[in-house]
Amino acid sequence: LWRDKSTCVVNGVMSGHRTLWKCAAVLFSVCVLLMALWYVPNLLNAHASPQVGPHRSRGVVSKSGSRHMDGTSSRTVGKDLQQKLPSFDEVRDSIRVERRWFDRLESFILFIGYERSGHTLVSALLDAHPHVVIAHEYHLLDALTRFSRTQKTRDFILTEMYRHSAFNAQYGRSSQYPVLTAGYHYQVNLWEGKCDGYVQVIGDKRGAGTSMFLTNKANMKYVTELHDIVQLPFKVMHIVRNPFDDISSMVLHRAKVYDEVKAKGGVFDRPSLLRRIIDHYFLEVRSVVRLNSSGLNFIKMMTAYSEDVMSNTQSALQSMCGFLAVECSADYLNGCARVVSKSSSGMRDLVRWSHKMKTLVQRKMKAFAFLNRYSFLD
């Protein structure tokens, strides 16, 4: 009797264990199934439409932390807003584009140059023209290296540029808070992100990114490939700012002390960082020269000076519109002039420049004609 009872107990325990193992196996199978249902569609979507869009997909917040009229920093504002705004990939397909708008296209615009030199301002002013559309920091040349075969088409690229311009017109350019930065507005409130019936000039603004991308000589092939796809002559805008101000601004932002130095005053002193930024700047300068002397007959380049854009906006815009072969009305010129500050900030006064560093930059500048107008004292 005792052995029978013991056998029943053992059998019961074994049966219970088997039941637990069966439950665990079922639970594991359910988890695997749920993971598969989530992972496989996302994997297919990733292959079907990779994120080849802008350098920064969430786009209103400056890493520079520039200050607004109310005293708040764009970095502070950005932390609150960044999570609330959609990315370009989330709204891309909802932006309407009509192919007939591209029937009168005459040229494709690219930007090249240096960080902190005024590309965002110039591109915003040109994007406000009724027949010019400029994507903001899509970084098209770099994206071209990742495009699939179906994306390397004229229709896809033109549509992407138009949609990205519309996206940034609505949500703000990634270099700044949507309304105001550094004393001037980027929102002209004319034709940003749209066109008046047709587009004559379309393209992408990624100044310093283009320069750094082309420091690799092998990447010049993507310039030719892009031209072969869009079948339009290239107009390249080269934006220049006083190198001493430009390099100083780059130093402050690289050291992440821009807000502090601007607010508290004083002079930032880090010679080793200054020397690295000087070398970086002239690496980008040589990249500009390489593109301009490439011998590619479909490229025309214009050098525009940031100080001229700020001091005499209408005259500078007339020159740029002439280069792009688009007419500029008085309403357009006046609207742009209203939002541009007439004073440029002297960043060089916020960084300690030794006589040795000043002489080094001045000597390097002499090799490039488009920098001859500048000195430390200007």
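The structure is a predicted model, with a mean pLDDT of 83 over the chain and 78% of the residues reaching 70 or more. Its open sheet holds 5 strands in the order E2-E5-E1-E6-E7, with parallel pairing, and helices H8 and H13 are placed against strands of that sheet. Helix H9 has 11 of its 12 residues buried, and the count of aromatic pairs comes to 17.

**Confidence along the chain**

- In the stretch of residues 40-52 the pLDDT stays under 50, and the model has 10 contacts for these residues beyond four places in sequence.
- The pLDDT is also below 50 over residues 174-185, a stretch for which the model has 43 contacts beyond near neighbours in sequence.

**The open sheet**

- The strand order is E2-E5-E1-E6-E7, the pairing is parallel and the sheet is open; strand E2 (132-136) and E7 stand at the edges with a single partner strand each, so one side of each is left without a neighbour in the sheet.
- Averaged over this sheet, and with direction ignored, neighbouring strands are turned by 20° against each other.
- At one end of the order, E2 and strand E5 (residues 201-205) run parallel and are joined by 5 bridges, with Ile-134 having Gly-203 in E5 as its bridge partner.
- Strand E6 (residues 234-240) pairs with E7 in the parallel sense over 7 bridges, and the bridge partner of Phe-234 is Ile-299 in E7.
- Although E7 is an edge strand with a single partner, 5 of the 7 residues of this strand (residues 299-305) are buried, so E7 is largely enclosed by the rest of the structure.

**Helices on the sheet**

- Helix H8 lies across E1, E6 and E7, and its direction is at about 135° to that of E6.
- Helix H13 (residues 313-324) packs on the sheet and touches E1, E5, E6 and E7, with a direction that makes about 180° with that of E7.

- Helix H6 (residues 154-171) has 18 residues and reaches 26 Å from its first C-alpha to its last, close to the 26 Å expected at 1.5 Å a residue.
- H6 is mostly covered, with 13 of its 18 residues buried, and it is followed by Gly-172, whose phi is positive, near 95°.
- Helix H9 (residues 243-254) has 12 residues and a reach of 16 Å from first to last C-alpha, which is close to the 16 Å expected at 1.5 Å a residue.
- Since 11 of its 12 residues are buried, H9 is largely enclosed by the rest of the structure; among the buried residues are Pro-243, Phe-244, Asp-245, Asp-246 and His-253.
- The partners against which the buried residues of H9 pack are helix H10 (258-264), helix H11 (271-292) and helix H15 (355-365).

**Aromatic pairs**

- Of the 17 aromatic pairs counted, one is formed by Phe-147 and Phe-156, which are edge-to-face at 5.5 Å centre to centre with 85° between the planes.
- Within that pair, Phe-147 is buried with a relative accessible area of 7%, whereas Phe-156 is partly exposed with a relative accessible area of 22%.
- The ring centres of Tyr-281 and Phe-282 are 5.1 Å apart and the planes stand at 80°, so this pair is edge-to-face.
- Both members of the second pair are buried, Tyr-281 at 0% relative accessibility and Phe-282 with a relative accessible area of 1%.
- Ring pairs link Tyr-281 and Phe-282 with Tyr-114, Phe-368 and Phe-370 into a cluster.

- Most residues other than glycine have a negative phi.
- Arg-116, which is not a glycine, has a positive phi of about 60°; Arg-116 lies in the loop between strand E1 (107-112) and helix H4 (119-127) and is partly exposed, with a relative accessible area of 37%.
- Gln-231 likewise has a positive phi, near 55°, and is placed in the loop between helix H8 (220-230) and E6.
- With a relative accessibility of 53%, Gln-231 counts as exposed.

Note on methods. Residues are numbered from 1 along each chain as its sequence is written. This is a predicted model: local features need pLDDT of at least 70, side-chain atom pairs count only at pLDDT 80 or more; totals for chains, interfaces and linings use all residues. Side-chain values use heavy atoms; hydrogens and water are left out. Buried means under 20% relative accessible area, exposed over 50%, partly exposed in between (1.4 Å probe, protein chains only). Helices (H or I, at least four residues) and strands (E, at least two) are DSSP runs, numbered from the N terminus. Two strands pair if DSSP finds at least two bridges between them. The expected span of a helix is 1.5 Å times one less than its number of residues. pLDDT is the predictor's confidence in each residue, from 0 to 100. Contact means heavy atoms within 4.5 Å. Axes are lines fitted to C-alpha atoms, for helices over the stretch in contact, and angles run from 0 to 180 degrees between N-to-C directions. Rings of Phe, Tyr and Trp (its six-membered ring) pair if their centres lie within 6.5 Å; planes under 30 degrees apart count as stacked, over 60 as edge-to-face and the rest as tilted.
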